[in-house]
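Reader: Before we discuss this model, could you show me the sequence and the coordinates? I would then like to go through it one question at a time.

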Amino acid sequence: MGVALGAGIAVLAGLGAGIGIGIATGKAVEGIARQPEAAGDIRTTLILGCALAEATAVYGLVASILIIFMVK
């Protein structure tokens, strides 16, 4: 029971990453709409930020897998 609860809490990192990527994408679209000439710089920054946010989700997934298989 405790293992499943711990793994579920660790997977919640994916929820935070999804929300963060969604907000970042929305703001990037707004920025490109306001300044189309800066689209390249905005896109580069967006991709870097999304990669970092997605890394957080992967860390949560790895932690949940470790909790499931290592804690018994």
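Reader: What is the accessible surface of the protein, and what share of it belongs to carbon and sulfur atoms?

Author: This is a predicted model, in which local features need pLDDT of at least 70 and side-chain atom pairs count only at pLDDT 80 or more, while totals for chains, interfaces and linings use all residues. Residues are numbered from 1 along each chain as its sequence is written, and side-chain values use heavy atoms, with hydrogens and water left out. Accessible areas come from the Shrake-Rupley method with a 1.4 Å probe, and for residues only the protein chains shown count as cover. On that basis the accessible surface comes to about 5200 Å², and the share belonging to carbon and sulfur atoms is 75%.

Reader: How many helices and strands does the protein have, and is it spread out or compact?

Author: Taking helices (H or I, at least four residues) and strands (E, at least two) as DSSP runs numbered from the N terminus, the protein has two helices and zero strands. The radius of gyration, taken over C-alpha atoms, is set against a globule rule of 2.2 Å times the number of residues to the power 0.38. That rule gives 11 Å for 72 residues, whereas the protein has 17 Å, well over it, so the protein is more spread out than a compact globule. Along the principal axes, its C-alpha atoms fill a box of roughly 55 × 15 × 5 Å.

Reader: Which residues of H1 are buried, and what do the buried residues of H2 pack against?

Author: Buried means under 20% relative accessible area, exposed over 50%, and partly exposed in between (1.4 Å probe, protein chains only). In H1 the buried residues are Ala7, Ala10, Ala17, Ile21 and Ala28, and what covers them includes H2. In H2, Ala39, Cys50, Ala53, Ala57, Gly60 and Ser64 are buried, and the buried residues of H2 pack against H1.

Reader: Is Ser64 buried or exposed, and which residues is it in contact with beyond its neighbours within four places in sequence?

Author: Ser64 is found in helix H2, residues 39-70, and because its relative accessibility is 4%, Ser64 counts as buried. With contact meaning heavy atoms within 4.5 Å, and leaving aside neighbours within four places in sequence, Ser64 is in contact with Ala7, Ala10 and Val11.

Reader: What separates the C-alpha atoms of Ile21 and Ala53?

Author: Ile21 lies in helix H1 and, not counting residues up to four places away in sequence, touches Cys50, Ala53 and Glu54. Ile21 and Ala53 are 32 residues apart along the chain, yet the separation of their C-alpha atoms is 6.7 Å.

Reader: Which residues does Thr25 touch, not counting residues up to four places away in sequence?

Author: Thr25 has its place in helix H1, and because its relative accessibility is 31%, Thr25 counts as partly exposed. Not counting residues up to four places away in sequence, Thr25 touches Leu46 and Cys50.
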